[in-house]
Amino acid sequence: MWIHPNYQAGARRAFRSVSVLMALLILVSSLTFPASFHEIAHYLPLHNLTEAVSVIVASLIFAVLWASRHEVLPGNMVLLGSTFLGVALLDFLHVLAYQGMPELITPNLDADKAIYFWLLARLFSALGLLAIAVLAWKDRAIRVPLGGQVVGVLVLVAGLTALYFLQPDSIPQTFIPGQGLTSFKIFAEYGLIALYLAAALLFWLRMRQPRNYNVSDLFVAACVMAQGEFFLTLYEGVTDIYILFGHIYKVVAYLFLYRAVFVEAVQHPYALLRDSQDRLQATLDAMPDLVFNMDADGRYLSVHTSRPSDLSEPADQLLGRTVSDLLQPRDARIVLDALQEAAVQGQSQGKIITLHDREGQSREFELSVARKAVPPGQAPQFVVISRDVTARRNSEQALRTLSTAVVQSPVSMIITDSQARVEFVNEAFTRISGYTAAEVVGRSLRRLKPARTPATKFRAMWEQLAQGLAWRGEWQNLSKSGREYTESVLIYPVRDAQGRVTNYLAHNEDVTEKRRADERIRLLSQFDQLTGLPNRDQLRELCRDAMDRGDGMAALWMDLDHFKAVNDSLGHHVGDALLQEMARRLRAQLPAAAFLSRYSGDDFVALVPGATQQQAMAQARALLQAVSLPLRLADQDIFSSATIGVALYPDDAAAFDTLLKSAETAMYRAKSDGRHRVGMFTPEMQAQVSRELMLGNALKQALANRELFLVYQPQFALKDGAILGAEALLRWESPQWGRVPPSEFIRIAEANGLIIPIGEWVLRTAMQQLRQWRDQGLPELCIAVNLSAVQFNQPDLPGQIKRILADTGVPASQLELELTEAVAMKAPESVAQRMEELSHFGVRFAIDDFGTGYSSLSYLKRFKLHKLKIDQSFVRDINVDPEDQAIATAIIQLSRSLGLRTIAEGVETAEQQEFLRANGCEEVQGYYYSRPLTADVFAAFVKDHRTQPEA
């Protein structure tokens, strides 16, 4: 059963009352009473007492509703009042007709006369309750006024009374002395019970409605009347105990009815009045305005404000004083003029005064004054509402400023209506296009399409705008004078508060000079600025064109040997001069049809069309000879050499990237064999390249096919052996290649860009796993995740990490990002900035493989680091190699001086552990403690682990 929450308490009270009386009914009806109980001595006084109470309560029900007849009451309640006037009269006639009472017109010889009026009174009440339950519960829902209803009830009661006295034989017999109730009487009582229960059911349904007019008490009354009538089906004599209980139950029912009427007619209006007063007070409290009562002299009679700080003085100090006492003469005069205008016209609007608040800030207030209605002869009074319009007037000023800025903007601006008819153009439009506002305002923008722009582009633009979307693009246009210029255009719809498009706004910027500069930059970007050779983009384009034509070619990848030593020893300016000379020599040595590019650093790539293997090798040797000639730089002779790798298209590769990769692979193989030589790409290298290509293709599907997974290597505190966290390690189990080493597939992922989605998957999976461990009750752990250089340089990395932490609900302090020393020192300025950004929301950082690179201590102290990780190459022989011992000790001492923690990886023996512990290393990980574990095994490992016993 659902009952409206506002009336649940009343409903519970009603059901308790009905239940208690029902229990009493069952108890009384189930008991076997002695014969004396069925002939109660002095029953007549008891009967008269209960009936007197009934008549009084029924009369009070009518009286309360009669007294409230001018209030807005539901017509049902009004009907109840007139009905119970009739009930009171019939109950009174029932008393007078009872045996033992003085004659009522005819002698009271038997019980039929009293029972007749009893049944009529019960029928009146039952039909009345049923009517108010059935009819619409609306104010004034019944059109007949209470007076008319009273007359109708009196006429009906008189008619029913006359019927009995004029035609007594027409009334069925209800009681036979010595035999008890007749069938008619019993059926009549059960009929009344049915009517009462029907009314009770409807009242029960009414309790589900928000406004139920104290229907819970009406429900109780109907139920109790039905219970009382049940008693009247049981008696055997007119002074029976059951009759007494029936009368008592009737009195109880009348009292509940009276309560319902009293609450609705008396208490509810007062409650509404209180609610109205509360709402009025709440409205005043919610108003941001100052509200005053004033007389015609501007004297403050009352003050109301929800923000006392808006008053120049405390409210109690304003009362009794006039505006002339408190305001500047000009502002006081404005207020008095507003009061005088309101006295004549009834109200005054829009006058502005300037006041200073308690902090001395100047603020503007708009006055609304209305004349109050006062009794004749009383001095006029006024309600003055003072609204702070400082922000609004500032906004108006800002709008005027914005309008001025739009008019004077150097960018051409056009505003149209929703049908694309021009409503406004600014001065920049006139200056750039040469057309005046008068020539374009009112014309459709659809007809003003740029003269040099294809119609198809213009149609596509309007199709997009018709969908409510903005359009951005460029087009060529002609001014009125015929000057051709390029415009960058942004057109977007302007919507009202309901989301309807009301206007279009176009920003048209003349970008002619900018595009010319872009073109010059584009041309410059195709050539290497140092050597003047075409860059790799041109190389790629030329090679692909040749491949599309099916032309064979040889690719020669040349790398200068020991070029870094030249830069480091003689300076970059000498290195630049060397590169310029090498470019000249190589270009001079190659045939005219060949294409030479400085690919990067000291690497050059030449494409020789149509070259066979023998021709390519001969060309490469000639290039080596040209490079090895001495060169005079910085007042000394420099002898250079190069290593060249050769690959053929289409024999060794079928795509540009593969061809260059093959040539580079051949170059590195030749360099490993001793430098200053030519290496030809071989099938073995082909196998290696093919494996890398196939691994790269397989890796593209590995994530989707769930071939990648994480394992977790525990990290321990050396002090007490507690598990502090784990390093998340990526693994690949390929159906085709089996277990692929991370050292192989991570390099491939970095080269083909897959490291970005894989890296995000690793971060999210590790944090989701940490969330699961937390939910399983594992202690607080920190998960370390390695970031590659490509990952770390993503622009959206901070946002990505924030989203992952927010989605998984893991605190940022439990994520530790590991960067290799090489990544950290590659671009230390940008690395420090990125670390700073991520550290703001609690992410920790560690430098991995520390000591294997060339760290700058000046940058190291600027990084937002938490930990340095000692590389396993220094740990492996730390118990026997003095150099490893010295390096590890130095790293630990450096960390301590910088306030960082140290962790050693690759710990595999107790001797390594003891050395690290003795020298102050805080954390360790390695096979001595545990191999990397799957998530489930790791969770079990942590639960079983308490503290690692010291050796």
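R584 is partly exposed in this predicted model, with a relative accessible area of 48%. Its salt-bridge partner is E581, with 2.3 Å between N and O. E581 itself counts as buried, because its relative accessibility is 16% and the cut-off for buried is under 20%.

- Across the whole structure, a search finds 33 salt bridges.
- One of them joins E923 and K867, with 2.9 Å from N to O. E923 belongs to strand β28 (residues 923-924) and K867 to strand β26, so this pair ties together parts that lie 56 residues apart in sequence.
- E923 is buried, with a relative accessible area of 4%, and K867 also counts as buried, at 4% relative accessibility.
- D295 and R299 form a salt bridge whose closest N and O atoms are 2.9 Å apart. Here D295 counts as buried at 13% relative accessibility, while R299 counts as partly exposed at 30%.
- A network of salt bridges links D91, R122, E229 and K250.

**The five-stranded sheet**

- If you trace the strands of this open sheet, you will find the order β14-β15-β13-β18-β19, with mixed pairing. At the edges are β14 (595-600) and β19 (678-680), each of which pairs on one side only.
- Neighbouring strands here are turned by 20° against each other on average, direction ignored.
- β18 (residues 642-649) pairs with β19 in the parallel sense over three bridges, and I644 stands opposite V678 in β19.
- Helix α16 (residues 536-549) lies across β13 (553-560), β14, β15 (603-609) and β18, and it runs at about 135° to β14.

**Strand β25 and its partners**

- β25 (residues 844-850) is mostly covered, as five of its seven residues are buried.
- Strand β24 (residues 815-820) pairs with β25 in the parallel sense over five bridges; T820 stands opposite D848 in β25.
- β25 also runs parallel to β26 (residues 867-870), and three bridges join them. F850 has I870 in β26 as its bridge partner.

**The surroundings of Q791**

- Q791 is placed in helix α24 (residues 789-792) and counts as buried, at 2% relative accessibility.
- A polar atom of the Q791 side chain lies 3.4 Å from the backbone oxygen of G759.
- Leaving aside residues up to four places away in sequence, Q791 touches I755, I756, G759, E760, L763, N786 and L797.

Terms used:
Residues numbered from 1 in each chain as written. Predicted model: local features only at pLDDT ≥ 70, side-chain atom pairs only at ≥ 80, totals over all residues. Heavy atoms only, no water. Pairing = 2+ DSSP bridges. Helix = DSSP H or I, 4+ residues; strand = E, 2+ residues; numbered from the N terminus. Axes fitted to C-alpha atoms, helices over the stretch in contact; angles between N-to-C directions. Contact = heavy atoms within 4.5 Å. Buried < 20%, exposed > 50% of the residue type's maximum accessible area, 1.4 Å probe, protein only. Polar contact = N/O pair within 3.5 Å; in protein donor to acceptor, adjacent residues only side chain to side chain. Salt bridge = Lys/Arg side-chain N within 4 Å of Asp/Glu carboxyl O.
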